[in-house]
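User: I'm new to reading protein structures. Could you pick out one spot and take me through it slowly, then show me how it sits in the rest of the chain?

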Amino acid sequence: MKHQWVACVTHDIDVMSFKGFKHHGYSVLGAGIEVIERHRSFMNFCSFVRRIYSSEFNNVDSLLLADGDTPVTFFVAMQQGNGITYTKEDIEPVVRWLTSNGVEVGLHGQTGDLQEQHDSLTDMLHSQPHGIRMHKLDFRNLLGRFLDDIGYLYDTSIEVPDKFKLFMLNDKTVEIPLNVCDSTLFQKKKMDLSIDDAKYMTREMLELAKSQGGVFTILMHQKNYSPQYPRHFEWFNWLIDILDRDKTCLKLTCSVVAKYFMAKELPYQESRK
Ligand SMILES: [Zn+2]
């Protein structure tokens with residue numbers, strides 16, 4: 001069957017262990033409020049607290065297992081700060097493991113020297129990363145000289161819920177608009193939706209993307225792929241299952257979707273012919 005639309009699944013790595021949480025108190029308080037609001041059971045709250053104070057926290061392998069046959073793109077940071085708690089040394093074995101499994105890895109850009117971060121990841125990958133997503137979608141930090149100098153194939157730092165068509169940022173770089181993000185749906189300071197509302201909203205967006213023959217770009221943070229984040233966890237499992245069942249959906253990594261766009265081969269570009 002001919003593919004009618006595209007899904008692009010991405011994962012940002014912000015935290016490698018619960019010990020890395022800067023403010024344990026806030027995390028516990030937030031989880032406690034979720035119990036009162038019935039987003040989380042009391043038993044789940046207890047396991048959350050136990051996990052924060054005891055063990056390592058790395059969902060990369062379980063997330064990749066959940067992705068199944070869907071090719072995905074991970075974004076990893078090369079610099080600590082602003083909520084990113086791991087070091088280059090901490091992430092290096094994860095990057096090696098991902099690339100040895102054929103997974104695409106891009107730069108999770110931080111404030112500071114982006115050239116240096118780019119070079120560090122290039123050393124780790126033994127080749128230049130194809131693209132970038134800024135941490136906290138801080139797109140302003142990317143603009144200007146840097147983007148022109150490095151010449152990334154793509155950026156995916158602009159969050160737009162209803163734009164499913166790629167566009168050129170400059171002569172060389174394609175923008176892949178980010179459409180739906182687990183943190184935006186469920187974070188206290190953002191939409192804080194119930195699981196049913198989040199599924200409803202996601203379904204509406206997905207149908208819109210599909211009707212346009214567009215590219216639906218999804219961000220699921222690896223930190224949140226855990227039963228300790230029940231809404232995020234359920235939402236992503238539900239979504240990946242929909243993509244899996246939809247035989248009209250072509251699943252592509254960020255660099256491949258950008259290359260398709262350049263070659264004018266995306267479903268909405270074909271339909272224009
Ligand atoms: Zn981030």
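Analyst: Let's start with what a contact is: two residues are in contact if their C-beta atoms, placed from the backbone, lie within 7 Å. Keep in mind that this is a predicted model.

Our spot is Asp67, which you'll find in helix α3, a stretch covering residues 60-67. Leaving out residues up to four places away in sequence, Asp67 touches Val9, Val72 and Ile240. Is Asp67 buried or exposed? A residue is called buried if 20 or more other C-beta atoms lie within 10 Å of its own. Asp67 has 20 of them within 10 Å, so Asp67 is buried. Here's another pairing to look for: Asp67 and Asp244 are 177 residues apart in sequence, yet their C-alpha atoms are 9.2 Å apart in space.

Now zoom out. Among contacts in the chain between residues at least 6 apart in sequence, 71% join residues at least 24 apart. As for burial, 38% of the 273 residues in the chain are buried.

The chain splits into domain 1 (5-17 + 57-262) and domain 2 (22-56). Taken over C-alpha atoms, the centres of domain 1 and domain 2 are 25 Å apart.

Altogether, the chain has 11 helices and 10 strands. Its radius of gyration is 18 Å, close to the 19 Å that the globule rule gives for 273 residues, so the chain is as compact as a globular protein of that length. Along its principal axes, the C-alpha trace spans about 55 × 40 × 35 Å.

Definitions and conventions:
Residues are numbered from 1 along each chain as its sequence is written. This is a predicted model: local features need pLDDT of at least 70, side-chain atom pairs count only at pLDDT 80 or more; totals for chains, interfaces and linings use all residues. Helices (H or I, at least four residues) and strands (E, at least two) are DSSP runs, numbered from the N terminus. A residue is buried if 20 or more other C-beta atoms lie within 10 Å of its own, exposed if 12 or fewer, and partly exposed in between; C-beta atoms are placed from the backbone. Domain bounds come from an automatic or database domain assignment. The radius of gyration is taken over C-alpha atoms; the globule rule is 2.2 Å times the number of residues to the power 0.38.
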